[in-house]
Amino acid sequence: MSFIDGESRWQISLLPACVDDYVAADALVRIVDAFVTSLDLTELGFNRVVAAATGRPGFQPGDMLRLYIWGYLNQVRSSRHLERACVRDLEALWLMRRLAPDYRTIAAFRHDNPEAIVAASAAFVQFCREQGLVGGRIVAVDGTKMRAVASPKNIAGAERLARDIEHTEKEVAYYLDRLDIIDETVAQGSDDQPLHRETFATAIASLKRRKDRLVRRQQELEHREEKVLVFGEPEAKPMGYGRAPKMPSYNLQSVVDVESGLIVHHDVYNDANDSHMLYPVSVAAKKVLEVDQIQVLTDGGYSNAEEIARCEREGIAVAAPIKRGAMNSDHFRPAQFVYDSASDTIRCPAGETLRPSGLHTRNRAIRYRTPACANCSLKPRCTPGAQRTIHRLVDQGALDRMEARIYANPSLMTIRRCTVEHPFGTIKRMSGGGRFLTRGLRAVKAEAALSILAFNILHAVNAFGASAMMPS
Ligand code: SF4
């Protein structure tokens, strides 16, 4: 038996002489190259598409976009890593035609062209639509939290800042006391105190700098609407991951086409609450797909009657599990009260009629009551109070219609889960476990667009083959 042995390092012609031979004919990098070549970079809004008449020649924006898309596909996202890849990765060498921009130039491209990068990501979806790869009848909506470039230690509100300042002041006072004791000891002739004095003086200076920073944060917070701020990355927000402590994060929303599995629309928000995002992302997806009617599958976090009703008015049929409050088993459940749309009344288990008696504005609900409760024999089973009140949402009709859609096709929720959850897994794997590298919402949107574009290219090639992805 012997081992497989490598070639000699001094063998001539280790690599093919032609750069094009460096990558396989069906390599993903060729799709990236062909896709960027097909783009109208001026129309997409990239800077410096036309070379300046004077000055040092710059890199073409198309080359920088190629490098970034290839990087996000290969989990090489930082500008320093991309700089290194340009000189030691064969695919990058091929893609960049041996150009080797430095990391500042690479980072500046992403920083200066966020909107254009988002437009390039959308252009790939349009390309797939034109190739007939996108179904566009049913889509699934979901969101995930992506970590911002900030430590959870930088999350602070007024209360915590005041507490930290007080603690810092106590520490300063402690060291000042120690200095006084040293002064007294030195006066008594001890010779080992100067060293401690210097150490304590350094500690006091450091604590005073810390206090100044906390005071500056306090002042900054006073001028903001938010009660809690992520210092260093103020556009990020503390967002929860289940029971884990809140982390500075952004909320990435995506709309996935059920038929193709491609992400047809996405956006990044700095609001953790999904319940207000159903309408904007659904309408945006409908616009991208250029259809009159669309079905949107989503989870209970988006089950907001007002948003669902707005979607209905736009030709968007939502299917999401309805969130129900805790039920008191000792009393009649709300489902036992039957609504009659013709008379706008509710019939209770005793056969009495509950009528509208006012608006519960905060929840956009209508109260229904009946005076018959006063003499009702079923009252102990109905309410512990003087009168039973049923709240019906103003947009309850939209929720009822949505529930009917789910009853008619119970597999919709399974389709949603299978469609929308795995792209996040792939995107998070490609983006260091779901962490952005840039600061600020604008830059983060560009990063998200690159991640989504990389996912879409990868998914499209896997699903439809490399030949279907080559622009004609
Ligand atoms: S208490 Fe009122 S609402 Fe409840 S069953 Fe009796 S009449 Fe109907």
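Start with the ligand: the space it takes is the largest cavity. "Cavity" here is a set of points, on a 1 Å grid over the protein atoms alone, where a 1.4 Å probe fits but cannot get out; a molecule sits in one if more than half of its atoms lie within 2 Å of its grid points. Keep in mind that this is a predicted model, where local features need pLDDT of at least 70, side-chain atom pairs count only at pLDDT 80 or more, and totals for chains, interfaces and linings use all residues. Residues are numbered from 1 along each chain as its sequence is written, and side-chain values use heavy atoms, with hydrogens and water left out.

Now select F337, C348, A350, E352, C373, C376, K379, C382 and R388, the residues around the ligand (a heavy atom within 4 Å of it). Six of this shell are nonpolar, none polar and three charged; Cys and Ala count as nonpolar, Gly as polar, and Asp, Glu, Lys and Arg as charged.

Then move to the second largest pocket, with about 660 Å³ of space. A pocket is an open set with protein on both sides within 12 Å along at least five of seven lines, and lining residues have an atom within 4 Å of a point. Select R48, P57, G58, F59 and Q60, the closest to its centre among 21 lining residues. Finish on α6, which gives the largest share of that lining, four residues (helices are DSSP runs of H or I, at least four residues, numbered from the N terminus).

Conventions
Grid points are joined across faces, edges and corners, and a volume is the space filled by probe spheres set on the points. Helices (H or I, at least four residues) and strands (E, at least two) are DSSP runs, numbered from the N terminus.
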